[in-house]
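Thanks, everyone. I have one model to go through, so let me put it up.

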Amino acid sequence: MSQVDPEDHEEAAGEAGDPNEQEKIAQQLQEEIIRRAVGKSIELVNVDRYNTLLHQLYTQKDYDGCKELISELMDTFKGECDYAIYIRSVICREECDLEGCLEWCNKGLALNSSDPKYIMQIGRVQLLQGNHTTAVEFLERAVHLDKMNYKAYFWLARAVYHLDTNLFDPATKAKDILLNAPVLHHSSELLIFLAKLFTQLGEIQAAIQTYRKAIEMEPENIELMSNLGMLYLRAGSEEQAFAMFGRALSFDPAHAPSILAAGSVMQSHGDHEVALNKYRVAAEKCDYNGCLWNNIGVCLFAKGKYVAAISCLKKAAYLCPLEHRILYNLGLVHNAMQQYCSAYHFLAAAMALSPRNPQVFGALAVVLSAMQDPANAEKAYVKAMSLKPNAQTILNFAISTGKAGKHEMSMALLDKYKEYENANKVPPVIKSLAQKLEHVLTMKEATAATPEPSQPAPEWPPREVAE
């Protein structure tokens, strides 16, 4: 490199008398100074130049490649590579190495003690470890540092929801956190969790509105459509529910939850053949589904095909042995076939799984009455009515006591049935049976009062209706 002597520049400036020459010499001198400074400068290293490759390996689930690259980066840059540390902590969490994840997060916090992504990561790990109170503390810090991070709100609500405390209702508190989040409508994930909380708290209309907003953000999410349809069913809006199930099936004709729900709506309207056609499609895709075979069995039972119904219901019971409704339906089919011992067996099993279900006790009472055990049948009726009386149970109890010769008790129960009928909607079949029972009881009283009745007493008794 040539040396520049300042005296030479002074002589040149003196010789060149005009200003243009002086400016040219000054510019040359400045360029030479810059050239010398650049020659002596230290080369700058871009720490983030491997981030793209690291992200690509992570998205491809090449965790071994990620670990090798992160190890090289940590050695090269002496542990001062933030993105590599974060990716390594995420890999540890996904591989269920929670202690390792905490270790890498602490390394990241050593570089930046107020980085919200590491604080949120630690909160998630604490939640997975069951330390819900500690998780809430870290996630609250993360929310405070970054108020627009929707994931921090989501995990904070999840952590609060799992708190074991009597000071407040965790579900309500989690709901309030999500409602107060400024990014609530920016994430379908937050809306879905909020809708589930509304459903758990019994706020069906609010849950419906929240699911509708979530569907606007994810218009092709069939799970959201199916859940919204189920909520419409709970709200009594069958038309809207059926439309939502149809919309879900338009995206996936073999979506089992939507097929089952749509089929149940058809069954409730007596369209058993159409419902069976739907179930045939579902059976090709999800053969090992207990709810599906239960619904098929109920359809066949309604069509009078008892043997086929029992076969389907037993397959459902094999797939879902702890589902009391399947055992209950098996009890009803065996009762219809007058196989009372088998009916008692299945209903007793259903009662053991669901000891607070009035329908099971009512059906069990009918079977016990058919087995000529009026004492235990009466106990089952009393238990069913203590849980939740309904028209069918009251009427069956009246018939059972009438069979046992307790006409006064039967009349009293019939009066109670009339009170229930005046206050509630009762199916026409039950009304007809109640009229027949009243006629029989009236004739019995007339027969008892008159030694020689003017007309023969009607045949006793009307048959009980299974629950």
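I will go from the overall fold to one helix pair and then to the rings.

This is a predicted model, in which local features need pLDDT of at least 70 and side-chain atom pairs count only at pLDDT 80 or more, while totals for chains, interfaces and linings use all residues. Residues are numbered from 1 along each chain as its sequence is written, and side-chain values use heavy atoms, with hydrogens and water left out.

The protein chain has 25 helices and 0 strands. Helices here are DSSP runs of H or I with at least four residues, strands are runs of E with at least two, and both are numbered from the N terminus. Of its 467 residues, 42% count as buried. Buried is under 20% relative accessible area, exposed is over 50%, and partly exposed is in between, using a 1.4 Å probe and protein chains only. Among contacts with a separation of 6 or more, 50% come from residues 24 or more positions apart; contact means heavy atoms within 4.5 Å.

Now the helix pair. H21 (residues 358-370) packs with H22 (residues 374-387) at about 160°, and the axes are 8 Å apart. The axes are lines fitted to C-alpha atoms over the stretch in contact, and angles run from 0 to 180 degrees between N-to-C directions. H21 is therefore roughly antiparallel to H22, a term for angles over 145 degrees. On the H21 side the contact includes Phe361, Gly362 and Ala365, and on the H22 side it includes Ala377, Ala380 and Tyr381.

On to the rings. There are 7 aromatic pairs. The rule takes rings of Phe, Tyr and Trp (its six-membered ring) with centres within 6.5 Å; planes under 30 degrees apart are stacked, over 60 edge-to-face, and the rest tilted.

How are Tyr161 and Phe193 arranged, and how far is it centre to centre? The pair is edge-to-face, at 6.1 Å with 85° between the planes. Tyr161 is in helix H9 (residues 150-161) and Phe193 in helix H11 (residues 188-200), so the pair ties together parts 32 residues apart in sequence. Tyr161 is partly exposed at 28% relative accessible area, whereas Phe193 is buried at 10%. Ring pairs also link Tyr161 and Phe193 with Phe154 and Trp155 into a cluster.

Last, two charges over rings. Lys61 lies over the face of Tyr58, 5.9 Å from the ring centre, and the charged end of Lys117 sits over Tyr86, 5.8 Å from its centre. The criterion is NZ of Lys or CZ of Arg within 6 Å of the ring centre and within 35 degrees of the ring normal.

Key. Parallel < 35°, antiparallel > 145°, perpendicular 65-115°, else oblique.
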